[in-house]
Amino acid sequence: MRIKECIVVEGKDDTAAVKRAVDADTIETNGSAIGESVLQRIELANERRGVIIFTDPDTPGERIRRIVSERVPGCKHAFITKTMAASKFKGSLGIEHASPEHIQEALAAVREDYGNSRPGSDIPHGDLIAAGLLAGPNAKRRREQMGEKLKIGYANGKQFQKRLDIFQIQKEEFAKAMKEVLEEEDRGV
């Protein structure tokens, strides 16, 4: 599998994992202390080839994703779940631990960030409340499952609504994923 865009990752171990899975070029941010020169390289790569942001499913990874997205509008996004990124050793989480198959799956499901030019999602805030995604005992778990099914990653309630808008998730796609989540809940999955 050849990826035309440059893939933004956090470090060398992530680059190695991505290169085991696909034929691609990467730009490493060297963690969350992302510097001006790295941001300039990402801007140039986006102008010439396009960029896919593929960071760890944790707080520093989300911070890097936000910094790059704000600085370089129009990037694409690939997400991996915490389960897929979990190390066999406790406490470690990252793309470097994901299998080549999981990395390929994440890169095959890339989402485009439409920025300010997007019409957004047609899912009202009230629907998220009614679905138990913003409040209640199952809200966090449901958002995790929805993020996985919609390929938009986990987000807190406020960020979840924003991601629905950014990636133009429409009612039909949302309803299908929500139905699957509720069916899995009923089966105890």
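Helices, taken as H or I runs of at least four residues, and strands, taken as E runs of at least two, are DSSP runs numbered from the N terminus. In these terms, S87 has its place in the loop between α4 (82–85) and α5. The model described here is a predicted one.

Is S87 buried or exposed? Because buried means under 20% relative accessible area, S87, with a relative accessible area of 15%, is buried. When residues up to four places away in sequence are not counted, S87 touches S92 and H97.

**The sheet**

Five strands form an open sheet with mixed pairing, and their order is β2-β1-β3-β4-β5. The edges are held by β2 (26–28) and β5 (111–112), each of which has a single partner strand, so one side of each is left without a neighbour in the sheet. Strand β1 (residues 6–9) runs parallel to β2, and three bridges join the two; within this pair, V8 stands opposite I27 in β2. Helix α1 (residues 12–21) lies across β1 and β2, and runs at about 165° to β2.

**The cavity and the pocket**

A search of the whole structure for cavities of 30 Å³ or more finds one, and about 90 Å³ of space lies in the largest cavity. The lining of the largest cavity is made by F79, I80, T81, M84, E105, A106, G147, E148, K151, I152 and G153, and the elements that give two or more residues to this lining are α5 (100–108) and α7 (139–150).

The largest pocket holds about 890 Å³ of space. It is lined by 36 residues, of which E62, R65, F79, Q159 and R163 are the closest to its centre. Two or more residues of this lining come from each of α3 (59–71), α4, α7 and α8 (157–166). Which element gives the most to the lining of the largest pocket? That element is α3, with six residues.

The table sets out the two linings by class of residue.

| Lining | Nonpolar | Polar | Charged |
|---|---|---|---|
| Largest cavity | five nonpolar residues | three polar residues | three charged residues |
| Largest pocket | eight nonpolar residues | 14 polar residues | 14 charged residues |

Definitions and conventions
Residues are numbered from 1 along each chain as its sequence is written. This is a predicted model: local features need pLDDT of at least 70, side-chain atom pairs count only at pLDDT 80 or more; totals for chains, interfaces and linings use all residues. Side-chain values use heavy atoms; hydrogens and water are left out. Two strands pair if DSSP finds at least two bridges between them. Contact means heavy atoms within 4.5 Å. Axes are lines fitted to C-alpha atoms, for helices over the stretch in contact, and angles run from 0 to 180 degrees between N-to-C directions. On a 1 Å grid over the protein atoms alone, a cavity is a set of points where a 1.4 Å probe fits but cannot get out, and a pocket is an open set with protein on both sides within 12 Å along at least five of seven lines; lining residues have an atom within 4 Å of a point. Grid points are joined across faces, edges and corners, and a volume is the space filled by probe spheres set on the points. Ala, Val, Leu, Ile, Met, Phe, Trp, Tyr, Cys and Pro count as nonpolar, Asp, Glu, Lys and Arg as charged, and the others, Gly among them, as polar. Buried means under 20% relative accessible area, exposed over 50%, partly exposed in between (1.4 Å probe, protein chains only).
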